[in-house]
Amino acid sequence: MMQEKTGIGIGGWIGLLVLLAYAASIHQGLGTWDRNDLTVWWFGDQPKAFFQTWPIWGNIEMALGYEDAEYRDTWFIHAFLLFLPALGLTWWVIAGTRSAIARALAISTDIAIVVFVFYGFAADSFWELFQWRASALFYAIACAIGFALASPWLAASWLRLNWFWRCVLYLPILFLVVALFRHTTGWDPNLMANFSPWPALPVVGLDIGAYTVVGFLLGTALATCGLALREVGASRNDREPGSGGQLALFGSLATLVGLLTPLGWFWLSMPVPSVGAAIGLVVVQAVILFFARIVRSDDRATALLRRAGNIAVGALLVFLPIFLGRGLMEADYNASRYVIAQEVIDSLHRYYVAEGGEYPDQLDILIEKGYIDEIPQPRVGFQLFYDAGWMEAPSFDYRSLGNSYVLEFVSTEWIQCAYNPPYLDEFGNEYEDEEEYEEEYEGEEGGGGDIWTCPSSRPALW
């Protein structure tokens, strides 16, 4: 009774602590920074891979050989065996507490366990290479997906608050996620959010993982609303035969569209799935809808509508920072490539014409000689992070080649741009062809052809 009144559910929180401890043991037992120093002692400042010395896992490894491809291909068997206790503990958390945060952390931990198993058994080199950063990245990605999956519970709790507390709780999260999108790049080591060789958290955790979850949630919300309409239509038909036919029809159509929504949502940002993958998406959505239709209320229509609203709000709360983050990334990239970099390029061109066909050794010379007031910086992220000294501001990388140059800058995700100027004579006019240029500068280093190495628009997700 206390749980129903307060929603605290001490037993559920205890279950979460047990689940976290279980996940920590798997982390320590699978991850390792030195496979030549395995030990049964799991405590310490780094994972010890003690599972490799245990029966079942250890014997399989010794029998097949750690480098054996067959052994690596069986990682999902280990994941299933290790996931079963986690599944039971997660049920303990969900049944033992109404806390949306506890449930979200439990789901996130389940996902992290599967990731630990995969990188422990099948792709350990990544773990060895990035050490603690890999562990932090794994759990961060798991939380991004896990909290997206738990967003209907979180939305239900959020909607019970007044608007002041809604803003206090949500706006900082919105800003941090958008900042992560705008600041993360796989190229610039000066950016704190960099995870070389590419930004896995915003791409895998948010752009792929959370984004895909949103598609399922929106479809579930629509289909659940359709189920509610069918309930209302059936109720009207019971009172007056034929009066609820249209509502039942609309409800059936909404349910069908909701069942297919993940397919359309997937196509908006990712490649068209194969027939097998498309069938898989529909089957998964059908299973979700099977559980979504289960309510414990005499007024099923009202309960289903309330559930549909919570699911829809949760999906929108997850999608908003992804949408804003990607939109600002697009704006930053276009501003850097077409406006800010062009300002530097035009200044270099004016210098070339005025100084007799040579480019400056450093960009600062453009300021000294009055060709530009200051060297702008590429637009990556929020300026306040740089003004506060929390991060080092990005800058253009310039290399003079005498009669040519290379101008480079980084952008978010995996984009790095480089520009080479066209063939110009000493007056700044382009040569008619490359042969004329080579005759003029035979044997000299340099040259180009007005080449951008980065795309004219951001590349597709895959």
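**Entry 1: a strand to start with**

Is strand β3 mostly covered or mostly open? I looked up residues 416-420 and found β3 mostly covered, with 4 of its 5 residues buried. Buried here means under 20% relative accessible area, with over 50% for exposed and partly exposed in between, using a 1.4 Å probe and protein chains only. Strands are DSSP runs of E with at least two residues, helices are runs of H or I with at least four, and both are numbered from the N terminus.

A note to myself on the ground rules: this is a predicted model, in which local features need pLDDT of at least 70 and side-chain atom pairs count only at pLDDT 80 or more, while totals for chains, interfaces and linings use all residues. Residues are numbered from 1 along each chain as its sequence is written, and side-chain values use heavy atoms, leaving out hydrogens and water.

**Entry 2: the whole protein**

I counted 16 helices and 4 strands. Of the 462 residues in the protein, 47% are buried. I then turned to contacts, meaning heavy atoms within 4.5 Å. Among contacts with a separation of 6 or more, 67% are between residues 24 or more positions apart.

**Entry 3: the sheet**

In what order do the 4 strands lie? They form an open sheet, β1-β2-β3-β4, with antiparallel pairing. Two strands pair if DSSP finds at least two bridges between them. β1 (397-400) and β4 are at the edges with a single partner strand each, so one side of each has no neighbour in the sheet.

I walked through the pairs one by one. β1 and β2 are antiparallel over 4 bridges, and R399 stands opposite V406 in β2. Their hairpin has 4 residues between the strands, and G402 takes a positive phi near 80° there.

β2 (residues 405-410) also pairs with β3 in the antiparallel sense, again over 4 bridges. I found L407 opposite Y419, and F409 has C417 as its bridge partner. This hairpin has 5 residues between its strands, and E413 in the turn has a positive phi of about 55°.

**Entry 4: the nonpolar cores**

For a nonpolar core I take buried Ala, Val, Leu, Ile, Met, Phe, Trp, Tyr and Cys residues joined through side-chain atoms within 4.5 Å. The largest one has 30 residues, and I141, F181, L206, A210 and V318 have the most contacts inside it. At least two residues each come from α7, α9, α10, α11, α12 (275-292) and α13. The largest share, 12 residues, is from α10.

What does F181 touch beyond its neighbours within four places in sequence? I listed P202, L206, D207, P321, I322, G325, R326, M329 and T412. There is also a second, separate core of 24 residues, which includes A23, V115, W127 and A142.

I worked on a 1 Å grid over the protein atoms alone: a cavity is a set of points where a 1.4 Å probe fits but cannot get out, a pocket is an open set with protein on both sides within 12 Å along at least five of seven lines, and lining residues have an atom within 4 Å of a point. Points are joined across faces, edges and corners, and a volume is the space filled by probe spheres set on them.

α10 (200-239) and α11 (245-269) are the elements that give two or more residues to the lining. By class, the lining has 5 nonpolar, 2 polar and no charged residues. Here Ala, Val, Leu, Ile, Met, Phe, Trp, Tyr, Cys and Pro count as nonpolar, Asp, Glu, Lys and Arg as charged, and the others, Gly among them, as polar.

The second largest pocket has a volume of about 910 Å³. Of its 32 lining residues, I101, F147, L154, Y170 and I173 are the closest to the centre. Its lining has 23 nonpolar, 6 polar and 3 charged residues.

**Entry 5: one glycine**

I finished with G357, in the loop between α13 and α14 (364-368). G357 is buried, at 2% relative accessibility. Its C-alpha atom is 6.4 Å from that of N403, which is 46 residues away along the chain.
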